[in-house]
Every structure is written in structure tokens, then in C-alpha cells.
Amino acid sequence: MRAMQIIEFGKPLELREYPTPEPKGKEVLVRVTACGVCHSDLHLWSGEFDLGEGEVLRLKDRGMKLPFTMGHEPLGTVEVLGPDADGVEVGKSYIVYPWIGCGECGVCQRGDELLCLNPQVIGTRVDGGYADYVIVPDAKYLIDYTGVSENLACTYACSGLTAYSALRKVGELTEDDYVMTIGAGGVGLSAVHFANAVTPAKIITADIDGTKRASARQVGAYETVDNSEADAVQKVLEMTGGGAAATIDFVGRPETSRFGIDCLRKGGRQVQVGLYGEKAGIPLPFFPLKMISMIGSYVGSLEEMHELMELVKQGKVPPIPVEARPLEAVNSALDDLTAGHILGRVVVKP
Ligand SMILES: [Zn+2]
Ligand SMILES: [Zn+2]
């Protein structure tokens, strides 16, 4: 089988040939027919996260070994079942839920696989979908997507799920409350799209780009704000009558997280989602004085994936634009993502 692999961090991926793996035990061999190219691949590809002020998180120090096949949004046809695998049909196509734990530790046994300290995530920890085949450790990670096109369906395993799980974390709100989303790029915009299926609160969207604010309005934002303006915080406090009940930072830069915190009402909650990087300067007295909290959200659980697909099948999640390219063109997709030239999602087709 072919795989487009990281041979050296930051260098173009290279096509390599390997024997097609054979599924053992409960494993399932899936022939990949579509795989989304995600912004977070840029971090894996470079091998590092910028933690700010010269501090860098290096993935090779975290056990990442090369060559490696990225691709954590695979979708494809079940080709071979391991001797103990069941629950899926050979020849049928499924989304692969990639956020898999070791399956053996206490948190995995409890069903909190996302919290596993020994994650086995397809495309970030074990070889992923920029290849002809992936091995899925258990049929329970294969998700039906009847009624949705495969190029769109594969994107739900990461960008759709990330938006959904972040929205779930705003807490119990009412239609009199406000949630402010910061950043109306891919994931942030899809969150605005289907927010009303998850929370009754009114959505305010902040972005420094007027085109993106206009898109947010089109897909249902109640109000938008340009967070580069000097009086942006004041505007949000006025719009909301004292602050948003929750803010979701889909960017993850120092200025966006500070902006979100400044726009919270007393008792409010900020959900950090974006992985842009660097360090935030947030005044610590705000936390006790305003009794606010800040929580992180990373992708979503298998249970949330099933909930999201229910909304998708009910037509409550409008499609994002997707563009298909051949597997060998994954380097062009990574370059375009780096340059910020992608609207929606690029999907590679092995
Ligand atoms: Zn992703
Ligand atoms: Zn585990």
C-alpha cells in the first residue's frame, strides 16, 4: 500500500510503499477513500508547538517517531475483519473515529478515552489516513454516515466534532444568555452554523476579518464584533448587558484569549479550543473577583461523535465547503493551509 509520510519534520511528505497490514483480534482493515487535511497537521508536520517566550513543545521528546503517516480524518470501506471483529459489514463505508485510547487503563475502561495517558490516536499517534489503508483497533470506532457525501462526512471526525464538543461545554444556558465565539475560520464558523442545535443562547462572533464576520452573520450569528477595535470589549459588554455567559476561543492566541476573558460576565466560562500558540497575559485577580473559569476542549468523545452524527442526519449541521485532491497532492494542501488559502476543508483521495 502507498502512504504519504513525514520523513523529516517540516520537509515535504514522501510517498512510500509498505505491505498492506493484516487485522488481528478485533481490528478492522479499512481501505481509505477520503481523508480530511486538518490545520493541526501543520503542528505534527513541523514537529512542534510554540508555547511562547522561547518555550517549544517538541513532539520527538513526546515519543513521536518518523517516518509517520498523518491523516486523522479518514473514511473508507471495510475490507477485512480481524478474527474477533464484528458489528460492521465488509464492503460498507464508515467514518473512522480517530481519538482512541489504549483501551486498558482506568480512564479508558471508564469510557474517557480522550483522557488516556497512552493515546493511540489514528493519524497523530499511530499511522493515519494519508495512505491506502488504516487499521482500526475495534469496529466500535466505525461510524455510519448514511445520507452524507463521503468528502463531507470525513471532516466531522475532527473539525465538526471539535466545534460540537466546544459548544457542549458552555453549560446550561437560556435564550437570554450570550455565547461569544472568537474566530470564524473553519472550525469557528462551523460552530456558528449549528450552535442553535446545541444551545439556546444567542451567538456573538468576533473576528478581525470583515469577510469572516459577514459569513458568520450569514450562517446565524446574532451579532458580530471586530475584536481588533479599541472599544471592542466595551461593545460586547453593552450588547450583552454586562458580559457573555460563555466565550469560545477558536483561535488560541494571547490577544484572543484575553479578549474573551474581558468579555465574560461574572461567573462566566471561557472554552479554549484553538492551538495557535504562545502565552496569554491574563490578570489572575479576574478569576476570583469575577468567579470566572477557563477550560480546554480538545476534539470530542465517541459519544459526542454519535450525537453530532444524529444532528447531521437530521439536517441540523449545514455542510462546509470541501475540495477533493489526490493523495499525492497532500503537500499542496499543507502549503495552502500554512498560507491561509483554504476555505472549508481539503480532502485527499487515496
Ligand atoms: Zn484535526
Ligand atoms: Zn487508556
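Modeller: The chain falls into domain 1 (2–158 + 300–349) and domain 2 (162–296), with bounds from an automatic or database domain assignment. This is a predicted model, in which local features need pLDDT of at least 70 and side-chain atom pairs count only at pLDDT 80 or more, while totals for chains, interfaces and linings use all residues. Residues are numbered from 1 along each chain as its sequence is written, and chains are lettered from A and ligands numbered from 1 in the order in which they are written.

Taken over C-alpha atoms, the centres of domain 1 and domain 2 are 28 Å apart. Their contact involves 19 residues from domain 1 and 14 residues from domain 2; two residues are in contact if their C-beta atoms, placed from the backbone, lie within 7 Å.

On the side of domain 1 that touches domain 2, β4 (48–52) and α10 (302–313) each supply at least two residues. Helices (H or I, at least four residues) and strands (E, at least two) are DSSP runs, numbered from the N terminus. β4 gives the most to that side, with four residues.

By type, the residues on this side of domain 1 are eight nonpolar, six polar and five charged. Here Ala, Val, Leu, Ile, Met, Phe, Trp, Tyr, Cys and Pro count as nonpolar, Asp, Glu, Lys and Arg as charged, and the others, Gly among them, as polar.
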